[in-house]
2 protein chains.
Amino acid sequence: MLRISKLSDYGTIMLAYMAEDPEALHSAAELAQSLQLGQATVSKILKALAKHSLLTAFRGASGGYALARPAEEISLAEVIDALEEQPFGLTECSSHEGNCAQEVSCVMRANWMRINDIVRQALEDVTLADMIRPPVPRRGTTQFKGVPVTVRSSSGNPS
Amino acid sequence: MLRISKLSDYGTIMLAYMAEDPEALHSAAELAQSLQLGQATVSKILKALAKHSLLTAFRGASGGYALARPAEEISLAEVIDALEEQPFGLTECSSHEGNCAQEVSCVMRANWMRINDIVRQALEDVTLADMIRPPVPRRGTTQFKGVPVTVRSSSGNPS
DNA sequence: CTCATACAGGACTATTTTAGTACGCATTGG
DNA sequence: CCAATGCGTACTAAAATAGTCCTGTATGAG
């Protein structure tokens, strides 16, 4: 379908949870407990996130995980990249080229890729910090209506 | 992952194929032949599309299918709606409410829904007519209206 | 120094989803 | 009438996903 995997979903929730207390070290056990998820599963997700440098792991007794970066700098796209198996792309064709049997499908590929970009961008424009913030119908400027999200341009000197 | 099903992919291709010759009646056999797909599969997809009024079916000898509407009026969102099982939504939570065990996840739901809207919109903005048209790098026409994809924002300001 | 705790990495199993096929029924043009 | 073609549904097969477990390594506490 058109849905992120449960692992990514969990991962987002876990990261959001950790983002609310970025200083603390969170162990797999704690997270599993707090979020009511299987410990083995939580552990698996944490490992993947650490491997992709979204989390920093501390081993040993009283170890655990902490966000590797501020929540404002972690986008959903990164989380998904870390936890989904397949590359990214709405269609198979959009991720790897080559095996289109038909011309029509090849013509469409470029179009799919453009749609992909839009989705991708939407995911990149939202950070963990945004996710734990109450709904915000609009904040300063358009929140993430396909445009600027982490808005700091209200004051006149964006970039 | 984050990918439409093969059925939707095929469906899009099939519709695009038909859109190139909207007057003609296309039988399942013909499509299977032309697009090199299994006839049973093609047939299954056609049925679903007809059921959702994207195609009009003609039974009996020398029957077949034809687009129910001009290609300009059929969006990818409709195709996907017709061919995907689950409702639509990047997360489970965004489609049906209720079972969030945690507060964090509930706070996030609204945010996911916004992201959903963006994706949805991107899919609604593209029609079959667009898909069979060559790549079209340009924006600002009626092509991929609405959603500017070029925005940036991944700069976090963690203060 | 030793041990319990906690992460690392990988293999494995179970479950769920998706893809693909089959088959009997209904419709219709020739 | 009958062969072509769609209709509906049930079923099977394959693949992807989710979830578990085991063995190894690091490290803080006692």
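**How do you know? Reading a two-chain model**

Modeller: Let's start in the middle: in the largest nonpolar core, which has 81 residues, A:Leu123 and B:Leu123 touch the most other members. This is a predicted model, where local features need pLDDT of at least 70, side-chain atom pairs count only at pLDDT 80 or more, and totals for chains, interfaces and linings use all residues. Residues are numbered from 1 along each chain as its sequence is written, chains are lettered from A and ligands numbered from 1 in the order in which they are written, and side-chain values use heavy atoms, with hydrogens and water left out.

Colleague: What makes a set of residues a nonpolar core?

Modeller: The members are buried Ala, Val, Leu, Ile, Met, Phe, Trp, Tyr and Cys residues, joined through side-chain atoms within 4.5 Å. Buried means under 20% relative accessible area, exposed is over 50%, and partly exposed lies in between (1.4 Å probe, protein chains only).

Colleague: Which residues is B:Leu123 in contact with, leaving aside its neighbours within four places in sequence?

Modeller: Contact means heavy atoms within 4.5 Å. By that rule B:Leu123 meets A:Leu2, A:Trp112 and A:Ile115 from chain A, and B:Ser75, B:Leu76, B:Ala77, B:Ile80 and B:Phe88 from chain B.

Colleague: Why does A:Arg3 count as buried?

Modeller: Its relative accessibility is 8%, so A:Arg3 counts as buried. A:Arg3 sits in the segment before α1 (6–19) of chain A.

Colleague: What makes the link between A:Arg3 and B:Gln86 a polar contact?

Modeller: Such a contact is a pair of N or O atoms within 3.5 Å; within protein, one must be able to donate a hydrogen and the other to accept it, and residues adjacent in sequence count only if both atoms are side-chain atoms. The side chains of A:Arg3 and B:Gln86 are joined at 3.3 Å. The A:Arg3 side chain also reaches the backbone oxygen of B:Gly89, at 3.1 Å.

Colleague: Why is α1(B) called mostly covered?

Modeller: 10 of its 14 residues are buried, including B:Ile13, B:Met14 and B:Leu15.

Colleague: What makes β1 and β2 of chain A a pair?

Modeller: Two strands pair if DSSP finds at least two bridges between them. These two have 4, in the antiparallel sense, and A:Thr56 has A:Ala66 as its bridge partner.
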